[in-house]
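Hi,

Here is the model I said I'd pass along.

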There are 2 protein chains.
Amino acid sequence: MSRKEGKLYVITGPSGTGKGSICTEILKDVNNEFSVSMTTRDAREGEVHGKDYYFVTEDEFRDNIEKGNFLEHASVFDHLYGTPKDMVEKQMAKGRNVILDIDVQGALQVKTAMPEAIMIFLLPPSLEELRTRLEKRGTEDPEIIEKRLSKALDEIRLIGEYDYYVVNDDLERAVTEVKSIMTAEELRVPEKVKDIIKRYEKE
Amino acid sequence: MSRKEGKLYVITGPSGTGKGSICTEILKDVNNEFSVSMTTRDAREGEVHGKDYYFVTEDEFRDNIEKGNFLEHASVFDHLYGTPKDMVEKQMAKGRNVILDIDVQGALQVKTAMPEAIMIFLLPPSLEELRTRLEKRGTEDPEIIEKRLSKALDEIRLIGEYDYYVVNDDLERAVTEVKSIMTAEELRVPEKVKDIIKRYEKE
């Protein structure tokens, strides 16, 4: 089969559903890599430009906004962060799958900017279990936890915007399910139908 | 999660691509079962009505045609064979996935009758390899093999009608890929989005 373009997988879900752990496992496949964000904050010790982040000035960042080059962007604590579309497309052109671990709000921005992105929504086994997980982190007061749970339910109500859902009750099973989704997406017919036919015709 | 309806998987591909072997493996999962065809031919020794086939009279068969109850039907050596829609729907309602191992012509009829069916097209690694496989069967003369190869290419040209393709170069890998497709289809969001939301709302 001729070399294929990679795809963009957006992995999102309410805070506490384990996006990070799942992405870490998915990234072990050499064909998958994280997207690299652009930011206006300073590099911390050991951070490498182009690997951890693209470190840019605020002017450069705003330039990218004007050019419409962000799949999503947001302001966090006075700094700007965004996912540059051109860089993601460069990774995909090399045949790599790009994994975007992102909050629900950012995920919906990405879908608008790149409708062909494959949207995976992670769910907790239940809100009760999500509460337990948030409590175990031990850093949040009860009021904040209530707010997060209520936000989680609001986010779940938007699940119709996504292509797939994975319930993270068991990490290993959830990772297998995400991998199955990626395998199935590799095997979808429409977009590359002409390549397949050509391959057999030229024999 | 509330009990889900099963899905209909149509597994097809040119003659010699290994549909049978793949289906045998897929059927080992207790949640998957073959569809049972209706036929006007007589039951052979040991064949069970409702398990191997639904054995019916020609009148009964034609009655089903008139009622529009066939996902596909065909005449083979003076006998009629067809896949009764009501029976397939009954299996799906029980939460079982129905597997239909069928030739390409029948597969396209099924897609018309049930557009929600998931269509998987099996490909040989190459036409050259398909020729080798057909020759190994040892029962065909060269002219028939040429006809089959030419028919295979015609069938491959219609691959745009299918949802997924799987290249059967290694049986184990092909089976894994079909299973990944089935897992991913289980995890697709749209159709059951309301059930998912309800489940978290009622906590």
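A word on burial before anything else: a residue is called buried if 20 or more other C-beta atoms lie within 10 Å of its own, exposed if 12 or fewer, and partly exposed in between, with C-beta atoms placed from the backbone. Keep in mind that this is a predicted model, so local features need pLDDT of at least 70 and side-chain atom pairs count only at pLDDT 80 or more, while totals for chains, interfaces and linings use all residues. Residues are numbered from 1 along each chain as its sequence is written, and chains are lettered from A and ligands numbered from 1 in the order in which they are written.

Start with the loop between strand 5 and strand 6 of chain A, where D78(A) sits. D78(A) counts as exposed because 7 other C-beta atoms lie within 10 Å. Its phi is positive, near 70°, and D78(A) is not a glycine. F77(A) lies in that loop too, with a positive phi of about 50° although it isn't a glycine either. F77(A) is exposed, with 6 C-beta neighbours inside 10 Å. (Strands are DSSP E runs of at least two residues, helices H or I runs of at least four, numbered from the N terminus.)

Now the sheet. Four strands of chain A make an open, mixed sheet in the order 4-3-6-5, where pairing takes at least two DSSP bridges between two strands. Strand 4 (53-55) and strand 5 (70-76) of chain A are the edges, each pairing on one side only. From one strand to the next the twist averages 25°; axes here are lines fitted to C-alpha atoms, for helices over the stretch in contact, and angles run from 0 to 180 degrees between N-to-C directions. Strand 3 (residues 37-39) and strand 6 (residues 79-84) of chain A pair antiparallel over two bridges, and T39(A) has Y81(A) as its bridge partner in strand 6 of chain A.

What about helix 1 (residues 19-26) of chain A: which residues are buried there? I22(A), C23(A) and I26(A) are. They share one side of helix 1 of chain A, because they cover an arc of only 100° around the axis (taken from the directions from the helix axis to the C-beta atoms).

Last, the contact between the chains: 29 residues come from chain A and 29 residues from chain B, contact meaning C-beta atoms, placed from the backbone, within 7 Å.

Cheers

Methods
Contact = placed C-beta atoms within 7 Å.
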